[in-house]
Amino acid sequence: MPKMRSLILAIYLIIISLFASYNCNEDDDPLVYEMDDRVIDFTTQGKWLIMFYAPWCGHCKKLEPVFEEIGKFYKGKMMNIAKVDATRFVKAANHFEIKGYPTIKFIYGKTNVNFFGERRKGDLIEFIKKADAPRVSRVLHQLDFENTKHEIQLFFVLIIKKEHMNSTIKNEFFSLAEKHFLDAYFYFALPEHVVKTAKVTDSPRVGVIKDNELELWDSSKSTMEEFIKLEQFPTFCEVTSKYF
């Protein structure tokens, strides 16, 4: 009889535990998930920002509160924030080719991008936005262009007529956007979409929006890539390792 009572109690506790787990809300979820080798499978679904760390790494320890802030920022949003002890879970470390600590990665589908900027909340959020955005975004109309200028403030734009969509300049612009997508935002627009900012009669033309103005690339002075590398920085920027 006592054995039966113990069995019933055990079953009851299991049911209560399962019920509690089922009814827990998102406030019970951790801000940063502590993952193991199963992270390899988990990252095949959804969007992930992951810190691969070593317990003895001082830089990793300094980064932990920043990751907690990132977790708070993305709580309830379609973004998973996680960390993995790469010294313990070697299978995951080898799978993601971790060479040093900390290594921060954005992973979404086939996108697997390393972060190399300042390890601050704002820089990491900006990194996620760029890594998650289309390599080249389409401007839908004039108001969309004006809103983009207000929200992003610095971005490269390909101004192109519909009949020139197969041009070599367009192909080069898209190729460089794929290469430099973490350095800047890239858009393409029809000439009528930018008319409030500037009247562009030639097509295609490449330019940069900076300080609310459009500066066009002059192919006689530099290559398109040189132009992008030169103009990707704000007019006045904070002096950090990112810019040197």
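This is a predicted model: local features need pLDDT of at least 70, side-chain atom pairs count only at pLDDT 80 or more; totals for chains, interfaces and linings use all residues.
Let me begin with helix α7 (residues 168-180) and helix α8 (residues 224-231), whose axes come within 10 Å and cross at roughly 45°; axes here are lines fitted to C-alpha atoms, for helices over the stretch in contact, and angles run from 0 to 180 degrees between N-to-C directions. That angle makes α7 oblique to α8, since angles under 35 degrees count as roughly parallel, over 145 as roughly antiparallel, 65 to 115 as roughly perpendicular and the rest as oblique. The crossing of α7 and α8 is right-handed, a term used if the near helix is turned clockwise from the far one by less than a right angle. On the α7 side the contact (heavy atoms within 4.5 Å) is made by I169, E172, F173, L176, K179 and H180, and on the α8 side by M224, E225, I228 and K229. By class, these residues are five nonpolar, one polar and four charged, where Ala, Val, Leu, Ile, Met, Phe, Trp, Tyr, Cys and Pro count as nonpolar, Asp, Glu, Lys and Arg as charged, and the others, Gly among them, as polar.

Residues are numbered from 1 along each chain as its sequence is written, and side-chain values use heavy atoms, with hydrogens and water left out.

The protein has eight helices and ten strands, taken as DSSP runs numbered from the N terminus (H or I, at least four residues, for helices; E, at least two, for strands).

A second pair, α3 and α5, packs at an angle of about 55° with the axes 9 Å apart, which makes α3 oblique to α5. Here V66, F67, E69, I70 and F73 of α3 meet K121, L124 and I125 of α5, giving six nonpolar, no polar and two charged residues.

Turning to the interior, 41% of the 244 residues count as buried, meaning under 20% relative accessible area with a 1.4 Å probe, protein chains only.

Note on methods:
Buried means under 20% relative accessible area, exposed over 50%, partly exposed in between (1.4 Å probe, protein chains only).
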